[in-house]
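Please read the following alongside the sequence and the coordinates.

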Amino acid sequence: MYSEIYLRLEPLGVERAAAAAAAAGHQVRLIDLQIFKQSDLIRELEDFRPQAVGLSLNYLANVPEVINLAKSIKAARRDCYVFVGGHSGSFIADELIEHGAGAIDCVLRGEGEAVIGLLLEALGDPKLAAVPGIVTASGRGPAPMMLDDLDRFFPARYLGRRRHKYFIGVLDPCASVEFTRGCPWDCSFCSAWTFYGRSYRKSTPEAAAEDLASIKERNVFIVDDVAFIHPEHGFAIGRELEKRKIKKNYYLETRADVLCRNKEVFAYWRRLGLEYMFLGLEAIDEEGLKAHRKRSSTGVNTKALEIAREIGVCVAINLIAEPDWDERRFAIVREWALTVPEVVHLTVATPYPGTETWFTESRRLTTLDYRLFDIQHAVLPTRLPLQRFYEELVNTQNVLNRKHLGLQGLKDASAIAVKLLMRGQTNFLKMLFKFSQVYNVSRQYQDHLREVQYAMRPPRPYSTSRPEASELYIHPPKVNRANGPASAPDAANSSQAEMAPEGTTLSSTVNAAEPAGGNA
Ligand code: B12
Ligand code: SF4
């Protein structure tokens, strides 16, 4: 739903995996199905006749689409090796193989860069089974392998086509860039930390600047989970950009406590062109923050908003709507949202495979339809009847939207749209007309009634409150044997520590870490 209105962004992960495949000596093409049609893909297959096709599956809601694509590819080219990688794909590898019924030859769990070359080299050879992260119908190979150096492969942007289609809101067109990878926090609803084993890696300031220098677009989305956790890194990249006289408009995402702690680096980036910032506040009360293990407070959240206003960055806030919200709760949130000048977004609490809430909440799932796992649908029982819940949700989203598209807002938006139109960019203009088509009570409710072609595999019944580390992580966390489990600030700094012992439970690896304590 988000990509129908607000954005369409370049597939940075695919571009990085593609760069690694090209570096290993393969001929590579990339087709982005956010832009192109399936018929274009089939035509491309006939023209290019590839030996292998890799599909990227970052979003759980896209699972049925990816399985059906794999089946179409196999139907068009029976001998082509079809593999799937990406964030969500990594957490549900076995069930993908099962749903694929022979159309998905393997799932490659974890980061793509370090292993894609090994996979392509091993095609048709028994050593395929030894590729790190591989999962096939015959079982799992060794643990996924992490990239040792973020600078090694620059995204293969040259393989992209129709780049003018990438945008986010008024940043039209917009490119994406990555300065760091991973997150040392451990919010219960999020899988960013479980994917990367709570590690945190940085590109060198020189490489970050070089990558940015190669980008033609004026606008850039910084995809880091939490931008500028280490202020000195942000300053160093900024200085490199100044040296090279690179001037762009930026959008980034960060945490309220990081903004409060590292105000100077954000103010510096404001001068470099930082325009928009996304803050995941998630809740407006202490109880909610605690439930999400956000390790922040309402006081810090308020302070962060004050800082953003002071430095002049436009903020979009995210709040998580809980399925047990009733009319009163929605009204309180609407009231609160109208008291702040920032853009406020609501997403619906959703247990995803790879999160802790998947283990603690998923027995209550009301649906096993992957397509509804987009944090805009309710997949847990709602206190209000479902249709009534969507009425409240959509009404709240409408109120929040109108707040920004009042008379003045419309005037501003029209002026921006005209300017972009003159440059041939139409993404933002189209966005203005789409809201009510997409955020629509009857559409959201009817989505629950669609026939389910592929049903999700629910997790095993779970008795204690926290799962085993081995069940949760894609790249297992590293611990420093001498000092015990790495605390978040340590984890954020070290890349040389040893692997966590097999079967280590989260309570020993993660509870020991108090990210906010060390850094905040
Ligand atoms: C940037 C980002 C966004 C951007 C846009 C991303 C984009 N280009 O489309 C924005 C802010 C717009 C966004 C939106 C949303 N996002 Co988002 N996003 C991210 C974030 C923070 C980083 C993704 C990224 O670019 N990473 C950098 C690249 C290099 O990594 P990568 O893409 O993962 O690729 C690597 C591997 O996955 C793998 N790989 C990827 N593809 C392939 C393919 C093959 C063949 C192989 C072998 C390997 C491979 O190799 C790559 C290199 O190592 C992730 C969190 C995370 N850390 O992953 C969440 C995340 C992916 N988003 C998430 C969600 C929920 C959403 C939204 C649904 C939220 C919403 N508000 O509605 C929307 C939906 C957007 C949509 N397209 O429909 C969830 C996904 C949950 C799930 N299990 O489905 C994540 C995991 C965040 C979380 N907190 O849990 N997102
Ligand atoms: S701070 Fe929390 S929500 Fe944000 S990326 Fe890290 S674990 Fe996920």
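**Helix packing, burial and backbone geometry**

Helix 3 and helix 4 cross in a right-handed sense. The model that shows this crossing is a predicted one. Helix 3 covers residues 38–48 and helix 4 covers residues 63–76; their axes come within 10 Å and cross at roughly 35°. On the side of helix 3, the contact is made by Q38, L41, I42 and L45. Helix 4 contributes L69, S72, I73 and A76. Sorted by residue class, this contact between helix 3 and helix 4 has six nonpolar residues, two polar ones and no charged ones.

Is R16 buried or exposed? Its relative accessibility is 5%, and the cut-off for burial is under 20%, so R16 counts as buried. Leaving aside residues up to four places away in sequence, R16 touches E113, L150, F153, P155, E178 and R181. With L150, a distance can be given: a polar atom of the R16 side chain lies 3.3 Å from the backbone oxygen of L150.

The cysteines come next. How many disulfides does a search of the whole structure find? The search finds zero. C174 is buried, with a relative accessible area of 0%. C183 has a relative accessible area of 9% and is buried as well.

The remaining points concern backbone geometry. Most residues other than glycine have a negative phi, and most peptide bonds are trans. The exceptions described here are one peptide bond and two residues with positive phi.

The peptide bond from D172 to P173 is cis, its omega being near 0°. P173 sits in the loop that runs between strand 7 (167–168) and strand 8 (174–177).

K245 is not a glycine, yet its phi is positive, at about 55°. This residue belongs to the loop between helix 10 (231–243) and strand 12 (249–254). K245 has a relative accessibility of 73%; the cut-off for exposed is over 50%, so K245 counts as exposed.

R293, also a residue other than glycine, has a positive phi near 45°. The loop that holds R293 lies between helix 13 (286–291) and helix 14 (298–311). What is the relative accessible area of R293? The value is 19%, and because burial is defined as under 20%, R293 is classed as buried.

Methods. Residues are numbered from 1 along each chain as its sequence is written. Chains are lettered from A and ligands numbered from 1 in the order in which they are written. This is a predicted model: local features need pLDDT of at least 70, side-chain atom pairs count only at pLDDT 80 or more; totals for chains, interfaces and linings use all residues. Side-chain values use heavy atoms; hydrogens and water are left out. Axes are lines fitted to C-alpha atoms, for helices over the stretch in contact, and angles run from 0 to 180 degrees between N-to-C directions. Helices (H or I, at least four residues) and strands (E, at least two) are DSSP runs, numbered from the N terminus. A crossing is left-handed if the near helix is turned anticlockwise from the far one by less than a right angle, and right-handed if clockwise. Contact means heavy atoms within 4.5 Å. Ala, Val, Leu, Ile, Met, Phe, Trp, Tyr, Cys and Pro count as nonpolar, Asp, Glu, Lys and Arg as charged, and the others, Gly among them, as polar. A disulfide is a pair of cysteine sulfur atoms within 2.5 Å. Buried means under 20% relative accessible area, exposed over 50%, partly exposed in between (1.4 Å probe, protein chains only). A polar contact is a pair of N or O atoms within 3.5 Å; within protein, one must be able to donate a hydrogen and the other to accept it, and residues adjacent in sequence count only if both atoms are side-chain atoms.
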